[in-house]
Amino acid sequence: MSNQNYLRAEDVAEIMGISKAYAYKIMRKLNAELDEQGYITVSGRINRKYFMERTCYGTNEQKDGD
């Protein structure tokens with residue numbers, strides 16, 4: 001999971017501690033936002049960086065001093 005650019009519903013559910021069905025709902029919303037911005041999206045997957053930024057988890061990148 002750590003080296004993937006895209007997350008699956010199972011990954012989102014695990015990260016957020018929610019059901020897989022609700023994870024799909026969140027992914028559809030985020031993919032719709034990306035689609036409006038002109039990005040190509042993949043059904044059933046969400047870009048890891050965008051997901052982390054939009055869901056208040058920050059990015060996966062370590063910051064100095066963390």
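**Legends to the close-up views**

**View A.** Arg54 has a relative accessibility of 40% and therefore counts as partly exposed. The model shown in this and the following views is a predicted one. Glu33 and Lys29 form a salt bridge through their side chains, with an N to O distance of 3.5 Å. Both residues belong to helix 2, where a spacing of four residues separates them by about one helical turn. Lys29 counts as exposed, since its relative accessibility is 52%, whereas Glu33 is buried, with a relative accessible area of 17%; the cut-off for buried is under 20%. Arg54 also forms a salt bridge with Glu33, and here the closest N and O atoms are 2.9 Å apart. Arg54 is part of helix 3 and Glu33 is part of helix 2, so this pair ties together parts of the chain that are 21 residues apart in sequence. Through shared partners, the salt bridges join Lys29, Glu33 and Arg54 into one network.

**View B.** A salt bridge joins Glu10 and Lys20, with 3.2 Å between the closest N and O atoms. Glu10 is in helix 1 and Lys20 in helix 2, ten residues apart, and the pair links distant parts of the chain. Glu10 counts as partly exposed because its relative accessibility is 36%. Lys20 is likewise partly exposed, at 41% relative accessibility. The count of salt bridges in the model comes to three.

**View C.** Helix 2 covers residues 20–36, and the distance between its end C-alpha atoms agrees with the expected span. At 1.5 Å a residue, its 17 residues should span 24 Å, and the end C-alpha atoms are 24 Å apart. The buried residues of helix 2 are Ala23, Ile26, Met27, Leu30, Asn31, Glu33 and Leu34. They cover an arc of only 150° around the axis, so they lie on the same side of helix 2. Ala21, Lys25, Arg28, Lys29 and Glu36 are exposed on the other side of helix 2. The cover over the buried residues of helix 2 includes strand 1 (6–8), helix 1 (9–16), strand 2 (45–47) and helix 3 (48–54). Just after helix 2, Gly38 has a positive phi of about 95°.

**View D.** Ile46 lies in strand 2. With a relative accessible area of 0%, Ile46 is buried. Neighbours within four places in sequence aside, the contacts of Ile46 are with Asn5, Tyr6, Leu7, Val12, Met27, Leu30, Asn31, Leu34 and Phe51. Among them, Met27 is 19 residues away along the chain, and its C-alpha atom is separated from that of Ile46 by 6.1 Å. Met27, Leu30, Asn31 and Leu34 are also among the buried residues of helix 2.

**View E.** Asn5 belongs to the segment before strand 1. Its relative accessibility is 60%, which means that Asn5 counts as exposed. When residues up to four places away in sequence are not counted, Asn5 touches Ile46, Asn47 and Arg48. In sequence Asn5 and Arg48 are 43 residues apart, while in space they are 5.5 Å apart, C-alpha to C-alpha.

**View F.** Arg48 is located in helix 3 and is buried without a salt bridge. The nearest side chain of opposite charge is that of Asp11, at 5.5 Å, whereas a salt bridge needs a nitrogen and an oxygen within 4 Å. The side chain of Arg48 instead reaches the backbone oxygen of Gln4, at a distance of 2.8 Å.

**View G.** The whole chain contains three helices and two strands. Read from the N terminus, the order of the elements is β-α-α-β-α. The chain has 66 residues, of which 27% count as buried. Among contacts with a separation of 6 or more, residues 24 or more positions apart account for 40%.

Definitions and conventions: Residues numbered from 1 in each chain as written. Predicted model: local features only at pLDDT ≥ 70, side-chain atom pairs only at ≥ 80, totals over all residues. Heavy atoms only, no water. Expected span 1.5 Å × (residues − 1). Buried < 20%, exposed > 50% of the residue type's maximum accessible area, 1.4 Å probe, protein only. Arc of directions from axis to C-beta. Contact = heavy atoms within 4.5 Å. Lys, Arg positive; Asp, Glu negative; His and termini not counted. Polar contact = N/O pair within 3.5 Å; in protein donor to acceptor, adjacent residues only side chain to side chain.
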